[in-house]
Amino acid sequence: MELGASNTVNSSNEGFRAFVSYSHADARFAHKLHRKMETYRMPSRFRKGSASVETGLTDGRLGKIFRDREDLPASQDLSQAVKDALSASQALIVLCSPDAKSSPWVSQEIDLFRTLHPNRPILAALIRGEPEESFPELLLQGKEPLAADLRKEGDGWRLGFLKIVAGIAGVSLDSLVQRDAQRRLNRVMAVTGGVLVGLLAMIGMTIFAIQQRNEAQHQRAEAEGLVEYMLTDLRSELKGASTLRVMTKVNERAIDYYEEQDDLSDLPAASLERRARILHAMGEDENSREGGSLEKVLAMFTEAHRVTETLLDQDPENPDRIFGHAQSKYWLGYIAYRKKDWTSTEQYWLGYKNFSDQLMDFDDDNPAWLREAGYADGNLCTLALKRTDIRSRNSKHCSASLDRMEQILRLRPDDPNSIADLVNRIGWMSDEYLEQGKHDERRMLLQRGIALVDFLRADDPANNDLTDIWLTFQTALMSIDEKQSAIQLTAALEASKKLVNHDPNNRVWRSRLNKLKTLQRKNHRQADAN
């Protein structure tokens with residue numbers, strides 16, 4: 001169906017120019033369309049004289065567009081806010097897809113809009129699937145809807161978008177396309193003004209196009225350089241000294257850069273891999289937040305896994321692709337670990353170890369690959385300590401991971417990250433010694449760990465993660481040496497309170513503080529009894 005001129009629609013200062021109806025599955029596309037429509041300005045031809053009276057677009061903008069799905073209640077009826085918005089809307093835009101066809105919300109919105117405004121336009125925007133499997137039944141009943149096919153194989157994004165604009169504004173599609181094209185051409189000519197006609201103009205426009213391409217590549221390189229900084233140096237600084245809220249804002253800004261791209265499939269492999277790393281970071285932060293949604297985290301890690309797996313399939317001998325997919329394996333295993341799904345955890349973490357072994361095959365003296373191998377054994381050590389059915393494998397993985405980190409520290413004796421990795425493995429090896437009843441070995445290992453943490457804290461006293469590790473070791477020592485427990489407990493409580501005051505939303509820190517308070521009350525009761 002072709003979308004041409006529609007009846008004149010006068011916008012209201014109190015209402016909406018259009019209401020966008022869509023399925024949850026199409027939220028990303030709806031967000032993109034909503035943003036484009038609210039920022040689009042009509043060509044000047046439609047903003048002057050009688051044309052502005054006809055369209056009601058004196059400033060050239062379409063006006064407010066209603067798009068709401070998150071605020072719908074979990075009921076069988078539309079919310080009052082949505083009903084009010086439909087009542088105040090001059091047109092209805094339905095994003096058509098197989099999911100939209102099966103959505104009861106989309107059908108209810110079509111039915112209510114048609115009941116309230118039988119003579120106002122309804123525009124069908126086909127975004128996925130074929131028309132017969134994507135158009136809601138109610139949309140095809142009664143007056144035939146105006147349609148735009150935004151698929152690549154249909155009208156495409158640009159023409160399809162202009163069809164929607166023409167339908168809302170009540171102008172001729174041909175006229176709008178011509179004027180929009182003329183406006184875009186005028187912009188090019190403004191930049192390339194003074195270029196000679198004929199062959200010289202062709203050469204000038206070619207040069208301009210090349211420059212635009214190079215400039216776009218330069219801007220992409222700068223933007224992705226900033227994203228890389230946000231993922232590495234800035235994130236490291238924020239993890240130690242800032243809050244989850246700030247880190248979340250940083251991650252959201254980074255992911256917005258990719259959401260603004262017209263087609264992710266056009267991005268190079270390095271950009272897609274970087275997007276997967278942002279999803280890893282966002283999932284990690286959501287997991288740390290008190291009340292964070294585990295299902296939301298799982299969705300982020302699953303999408304990242306899909307991307308890194310595809311990239312690895314395309315280039316299986318590339319160490320960067322192997323490393324990226326190894327991280328996806330780890331994070332999905334971590335979610336299974338949180339759910340106590342030990343079988344899935346082992347499956348993912350053995351996959352992670354397999355990829356780390358492949359990295360070692362490239363260069364077994366590379367500290368980065370050694371670290372991955374240490375992490376992989378460390379994960380299996382952690383899992384083994386949680387499972388009683390594979391106890392015989394504890395020492396193998398725990399000691400192997402500790403040995404890897406010792407090896408890295410010998411290669412980089414002054415590297416704080418290498419020291420921090422060794423401290424982490426000391427903590428887990430101390431748990432293994434606890435399981436084996438080796439209390440003297442455990443005490444010595446914990447004391448060494450505290451000494452290393454104190455060394456790191458001396459250079460970075462504001463680092464809350466180091467304080468967190470220090471608290472873990474001190475708490476463990478309390479269980480070994482009861483004579484020092486009161487002193488250690490007081491110091492631990494003060495440090496724990498500072499962490500929670502710094503970031504009340506950190507689930508792990510709040511949990512530890514509650515446990516320490518419980519232990520203090522227990523000690524007081526025992527002292528009173530004595």
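In which helix do arginine 277 and glutamate 273 both lie, and how many residues apart are they? Both lie in helix α13 (residues 269-288), four residues apart, about one turn of the helix; helices (H or I, at least four residues) and strands (E, at least two) are DSSP runs, numbered from the N terminus. The model is predicted, so that local features need pLDDT of at least 70 and side-chain atom pairs count only at pLDDT 80 or more, while totals for chains, interfaces and linings use all residues. Residues are numbered from 1 along each chain as its sequence is written, and side-chain values use heavy atoms, with hydrogens and water left out.

Arginine 277 forms a salt bridge with glutamate 273, with the closest N and O atoms 3.8 Å apart. A salt bridge is a side-chain nitrogen of Lys or Arg within 4 Å of a carboxyl oxygen of Asp or Glu. Arginine 277 is partly exposed because its relative accessibility is 24%, and glutamate 273 counts as buried because its value is 10%. Buried means under 20% relative accessible area, exposed over 50%, and partly exposed in between (1.4 Å probe, protein chains only).

In the whole structure, 19 salt bridges are found. One of them joins arginine 128 to aspartate 26, with 2.8 Å between the closest N and O atoms. This pair links distant parts of the chain, 102 residues apart: arginine 128 is in the loop between β4 and α6 (131-134), and aspartate 26 is in the loop between β1 and α1 (27-39). Aspartate 26 is buried at 3% relative accessibility, whereas arginine 128 is partly exposed at 32%. In helix α16, aspartate 357 and lysine 353 are four residues apart, about one turn of the helix, and their side chains meet in a salt bridge (3.7 Å, N to O). Aspartate 357 is partly exposed, with a relative accessible area of 31%, and lysine 353 is buried at 18%. A network of salt bridges links Glu130, Asp149, Arg151 and Glu153.

Strand β3 (residues 92-96) is mostly covered, five of its five residues being buried. Leu92, Val94 and Cys96 point one way from the strand, and Ile93 and Leu95 point the other way. Strand β3 pairs in the parallel sense with strand β1 (residues 18-21) over three bridges, and phenylalanine 19 stands opposite leucine 92. Strand β4 (residues 122-126) also runs parallel to β3, joined by five bridges, with alanine 124 of β4 opposite valine 94. Two strands pair if DSSP finds at least two bridges between them.

Lysine 340 lies in the loop between α15 (319-338) and α16 (342-362). Lysine 340 has a positive phi of about 60° although it is not a glycine, and counts as exposed at 58% relative accessibility.

Further contacts along the chain were examined by C-alpha separation. Arginine 448, in helix α20 (residues 439-459), is partly exposed, with a relative accessible area of 35%. Glutamine 488, in helix α22 (residues 485-502), is buried at 10% relative accessibility. Glutamine 488 and methionine 478 are ten residues apart in sequence and 6.8 Å apart in space, C-alpha to C-alpha.
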